[in-house]
Amino acid sequence: MAAGTLYTYPDNWRAFKALIAAQYSGFTLRVDAGFVLGQTNRSGQFLAKFPLGKVPAFEGDDGFCVFESNAIAHYVANDELRGTTREAAAQIQQWISFADSDVIPPASTWVFPTLGIMQYNKQATEHAKDEVKKVLGILNEHLKTRTFLVGERVTLADITLVCSLLWLYKQVLEPSFRQSFTNTNRWFVTCVNQPQFKAVVGQLQLCNKMAQFDAKKFAELQPKKEKAPKEPKEPKSQEKKKAKEEKKPAAPEEEQDATDEVLSLEPKAKDPFAHLPKSPFVMDEFKRKYSNEDTLSVALPHFWEHFDKEGWSIWYSEYKYPTELTLTFMSCNLISGMFQRLDKLRKNAFASVILFGSNNDSSISGIWVFRGQELAFPMSPDWQVDYESYSWRKLDSDSEECRTMVKEYFSWEGQFTHVGKPFKEGKIFK
């Protein structure tokens with residue numbers, strides 16, 4: 001009997017795919033009880049087998065290693081799950097790709113903020129809700145005359161899509177939202193109540209009330225910042241003098257600078273923008289408008305009313321190698337990875353980057369707003385990542401072209417005539 005070990009953390013829905021498939025096929029799949037995310041998968045021993053350090057990862061008793069959840073599920077499955085004909089196998093692969101490219105991106109955008117994993121963005125969440133309605137509708141129509149997605153029994157198509165929809169049904173698909181998708185609901189409930197699903201997922205409670213973004217939970221999950229060490233105690237005469245000075249209220253900017261110094265984890269690095277004169281445009285104020293209020297009626301008018309073209313600049317970027325883009329979810333990860341590596345630039349930048357097109361026929365472009373008149377990335381070694389994979393063009397903020405592009409990219413709506421491909425998904429750097 002084939003057997004092996006699955007490396008994953010608890011309640012990883014991606015790992016559920018392989019575990020459920022093993023329940024159906026009889027494959028002996030053990031979960032490594034000693035696995036610690038961020039430690040085990042960064043060890044030299046683990047990386048020698050799985051160079052990317054990604055989980056879930058599988059190691060067979062015969063030494064065979066494979067990562068990526070869909071590949072692992074395929075390996076531990078049997079022919080019935082994979083499809084016994086070429087047609088069935090192709091249809092199963094179709095729904096697996098559908099889950100990755102059309103379900104996971106909007107589901108993550110909507111659900112992650114409710115779990116405190118990601119910051120809430122009103123516009124992105126509303127767009128994600130519309131995308132979720134779209135995919136649920138497609139499934140609802142397909143399942144009108146079917147019990148399962150392909151054939152008469154559970155396949156990897158059902159396993160993969162159910163796992164991709166799990167958090168939606170647990171967190172946000174309240175009765176009023178899901179009520180019009182009766183066929184999809186029936187199929188989902190049928191699957192999760194199969195013994196093989198229950199053995200992995202347990203008894204699933206469907207959402208009764210749509211979960212919302214919890215700012216407190218999000219703050220708690222952020223990395224804790226250490227306080228600066230206490231300074232040596234001063235003589236009383238100096239204390240009295242200092243106390244008198246501290247009675248004077250500090251200007252808001254001085255207070256913020258003091259707070260930043262106390263909370264900083266590292267020695268304060270030279271600010272690449274320190275040489276620039278003070279600008280009346282307050283980026284954080286615009287970001288609050290953009291995150292919490294309507295883009296077209298509130299955030300955009302605020303942006304153009306307060307934008308300081310002497311102190312800030314607007315740039316158009318385009319990914320140089322579109323022929324290398326394959327699955328859309330991987331292209332979205334490319335954008336997200338760049339954003340994560342530019343974390344220290346957030347205070348002085350804002351961007352909306354959009355993926356256009358479909359699998360194996362897509363492009364990436366975006367609008368960026370930077371402090372100053374120069375492209376920001378070369379100004380700091382911390383920022384010199386990924387940007388060379390894009391072409392950059394500075395826009396004239398007074399031009400009609402710039403106004404149109406800012407409107408379309410910030411609102412994720414419009415003709416996008418310069419692209420020639422339909423909007424797929426957007427990401428915001430703020």
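A polar contact, as I use it here, is a pair of N or O atoms within 3.5 Å; within protein, one must be able to donate a hydrogen and the other to accept it, and residues adjacent in sequence count only if both atoms are side-chain atoms.

**Ground rules.** I'm working on a predicted model, where local features need pLDDT of at least 70, side-chain atom pairs count only at pLDDT 80 or more, and totals for chains, interfaces and linings use all residues. Residues are numbered from 1 along each chain as its sequence is written, and side-chain values use heavy atoms, with hydrogens and water left out.

**Confidence.** I looked up pLDDT, the predictor's confidence in each residue from 0 to 100. The protein chain has a mean of 86, with 89% of its residues at 70 or more. Residues 239-268 fall below 50, and beyond near neighbours in sequence that stretch has 18 contacts (heavy atoms within 4.5 Å) in the model.

**His306.** I found His306 in helix α15, residues 295-306 (helices are DSSP runs of H or I, at least four residues; strands are runs of E, at least two; both are numbered from the N terminus). A polar atom of the His306 side chain lies 2.9 Å from the backbone oxygen of His302. His306 is partly exposed at 32% relative accessible area; buried means under 20%, exposed over 50%, partly exposed in between, with a 1.4 Å probe and protein chains only. C-alpha to C-alpha, Val282 is 8.0 Å from His306, though 24 residues separate them in sequence.

**The sheet.** Next I traced an open sheet of five strands, ordered β8-β5-β7-β6-β9 with antiparallel pairing; two strands pair if DSSP finds at least two bridges between them. The edges are β8 (390-395) and β9, and each has a single partner strand, so one side of each lacks a neighbour in the sheet. From one strand to the next the twist averages 20°, using axes fitted as lines to C-alpha atoms and angles from 0 to 180 degrees between N-to-C directions.

Strand β9 (residues 423-429) is largely enclosed by the rest of the structure, because five of its seven residues are buried.

**Ser362.** This one sits in β7, residues 361-371, and is buried at 3%. Beyond four places in sequence, its contacts include Pro322, Phe356 and Lys421.

**Cysteines.** Cys332 is buried at 4%, while Cys65 is partly exposed at 28%. Counting cysteine sulfur pairs within 2.5 Å as disulfides, I get zero.
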